[in-house]
Amino acid sequence: MSIPNEALQKLALEIESQAQSAQREINIVKTAVAAKQRDIRMLELTSSEVKSLDKDTKVYQGVGKMFVFSPKSDVEKRLSSDTSELKSDISNLNKKLHYLETTQKNSRQHIDKIMQSGGRS
């Protein structure tokens with residue numbers, strides 16, 4: 001039994017579309033991971049600078065378009081929580097990346113299988 005050429009073509013186009021969509025999403029996720037890693041590096045650098053200050057030092061903290069004095073401990077806590085939040089985001093993005101890469105790989109394998117079989121079942 002063979003699959004009609006029109007149905008085979010439609011199936012191949014649908015799978016190809018899925019693979020291209022996965023590739024676009026992979027690029028977006030990789031860019032997001034890189035941006036979050038860059039933000040983590042900046043937060044860690046800022047944190048190390050803040051930790052080198054005296055205990056009673058008040059530091060400026062940005063609030064909208066203003067800056068306000070904040071205790072050093074509050075700034076350290078905020079930097080730490082921001083860093084852990086970004087690490088969590090990166091973990092979730094890596095899971096999504098793995099899923100998308102698997103989807104794209106499977107789509108490519110299905111297309112290759114369709115082309116090799118030539119419509120024979």
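Predicted model: local features only at pLDDT ≥ 70, side-chain atom pairs only at ≥ 80, totals over all residues.
Modeller: Local features here need pLDDT of at least 70, side-chain atom pairs count only at pLDDT 80 or more, and totals for chains, interfaces and linings use all residues. Residues are numbered from 1 along each chain as its sequence is written, and side-chain values use heavy atoms, with hydrogens and water left out.

Biologist: How many salt bridges does a search of the whole structure find?

Modeller: Six.

Biologist: Why is the pair Asp89 and Lys36 called a salt bridge?

Modeller: The term requires a side-chain nitrogen of Lys or Arg within 4 Å of a carboxyl oxygen of Asp or Glu. The closest N and O atoms of Asp89 and Lys36 are 3.5 Å apart, so the pair meets that definition.

Biologist: What makes this a link between distant parts of the chain?

Modeller: Asp89 is in helix α2 (residues 72–117) and Lys36 in helix α1 (residues 5–51), 53 residues apart. Helices are DSSP runs (H or I, at least four residues), numbered from the N terminus.

Biologist: Why does Lys72 count as buried?

Modeller: Buried means under 20% relative accessible area, exposed over 50%, and partly exposed in between (1.4 Å probe, protein chains only). Lys72 has 11% relative accessibility, so Lys72 is buried. Its salt-bridge partner Glu76 has 24% and therefore counts as partly exposed.

Biologist: How do you know that Arg78 and Asp82 meet in a salt bridge?

Modeller: The N to O distance between their side chains is 3.2 Å, and the limit is 4 Å. Both residues lie in helix α2, four residues apart, about one turn of the helix.

Key:
Helix = DSSP H or I, 4+ residues; strand = E, 2+ residues; numbered from the N terminus.
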